[in-house]
Amino acid sequence: MPAPRPEPFRIAVPQETLDDLQARLARVRFPDEAPAAPWSYGTSLAYMRDLVATWRDSYDWRKHEAALNAFPQFKVEIDGIGVHFIHVQGRGPNPAPLLLSHGWPGSIVEFQRIIPMLTDPASFGGDPADAFTIVAPSLPGYGFSFREGQKRVGLEGIADMFATLMRDVLGYRKFGAQGGDWGSVVTTLLAYRHADLLTGFHVNMLIAGRDPSAIAEPTAEQAAYFKAAGRWAQEESGYQWIQGTKPQTLAFGLTDSPVGLAAWIVEKFRSWSDCGGEVENAISRDAMLTNIMIYWATGAIGSSFWPYYDRRHSKWPIPHDARIPVPFGYAEFPNEIARPPRSLAEAQYDIRRWSVMEKGGHFAALEQPAALAHEVREFFRPLR
């Protein structure tokens, strides 16, 4: 059977969708807030009032839509899902193909600043020999890779679909892969399930989920990590439980209320970024709103929860004793939500580069695109 052919795609949100959004923002009903410091119990009421005013009165979706449409985009049917992807040719003597995978609550917006740095390094003071040709999909079920009623796909299925995209649709027999959040899991699954396709893989969120009870005498570094992970699970993982157990119930509220959707996402941008408590120190307001707009305009927030449900109701797809032979690189940003020590990763990964970064958090491509681009170039240079 011949490989499916990608079709050119342009983002074009219907005007009636934007008009409906304006009407909803004009009649928002804000909640009460407990008397405590802002952000103590979740998203700040004062911040949301200000953000909604910006969204309603001055944010220009059409400007940001046009900026996204400056990237060549395509859709292709893979396993019954129309997969949307950006595909930008590198500018250099021999650009290497590189797959970028985002996570939740992110989108292709995460890659707007880093794509030019990777495809045209000479324009940023780099060596054109380091150029990449970038393929940056919307995860199936996310953004423009969603349509109402489509089947849900777990992380293993997403990795397999991306292998099909790169190998069968685009014809890349070998390629690199990079990701964060769910994108790091998809990238790791590609290396585990399709090792023959990858020149190397690089992540900015490390998957090293060893069971603490399986380590008889943890080192001080390991014990500190397990303690921090326990605190995070206690105080920060509520979203995983609801998205992983009753995703449909939550989807009603966030699909119907743009302000509810924004509050759900903005709180994660603030908590997980290296912002010192002020989210816009790390991520611009326009970038946040554009990311939120993709979820709102496509109606994909409910579908985007599926990897959490799949993860909670199936076993971890990579055995903890598995050795992944593909060259591995990791950039450890200081405000990442989990930072396992190298000693927990060495048995599973062929570590070629491990960098402790000075600044940045969970959304590395948004927060520190130049630093992440540098790490990606350095890691892949000897693997070309």
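What follows is a short exchange on how terms apply to a predicted model.

The model is predicted, so local features need pLDDT of at least 70 and side-chain atom pairs count only at pLDDT 80 or more, while totals for chains, interfaces and linings use all residues. Residues are numbered from 1 along each chain as its sequence is written, and side-chain values use heavy atoms, with hydrogens and water left out.

Me: Why is lysine 268 called buried?
Reply: Its relative accessible area is 5%. Buried means under 20%, exposed over 50%, partly exposed in between (1.4 Å probe, protein chains only). Lysine 268 is therefore buried.

Me: Where is lysine 268 found?
Reply: In helix 10, residues 258-272. Helices (H or I, at least four residues) and strands (E, at least two) are DSSP runs, numbered from the N terminus.

Me: What makes a polar contact between the side chains of lysine 268 and glutamate 267?
Reply: The distance is 2.9 Å. The term needs a pair of N or O atoms within 3.5 Å; within protein, one must be able to donate a hydrogen and the other to accept it, and residues adjacent in sequence count only if both atoms are side-chain atoms. This contact is side chain to side chain.

Me: Why is the pair of phenylalanine 269 and phenylalanine 363 called tilted?
Reply: The ring centres are 4.6 Å apart and the planes stand at 55°. Rings of Phe, Tyr and Trp (its six-membered ring) pair if their centres lie within 6.5 Å; planes under 30 degrees apart are stacked, over 60 edge-to-face, the rest tilted. So this pair is tilted.

Me: What parts does that pair tie together?
Reply: Phenylalanine 269 lies in helix 10, and phenylalanine 363 in the loop between strand 9 (349-356) and helix 15 (364-367). These parts are 94 residues apart in sequence. Phenylalanine 269 is buried at 1% relative accessibility, and phenylalanine 363 is buried at 1% too.

Me: How do you know that arginine 312 sits over the ring of tryptophan 241?
Reply: Its charged end is 3.9 Å from the ring centre. The rule asks for NZ of Lys or CZ of Arg within 6 Å of the centre and within 35 degrees of the ring normal. Arginine 384 lies over the face of phenylalanine 132, at 4.5 Å.

Me: What makes strand 4 and strand 6 a pair?
Reply: Four bridges join them, in the parallel sense. DSSP must find at least two bridges.
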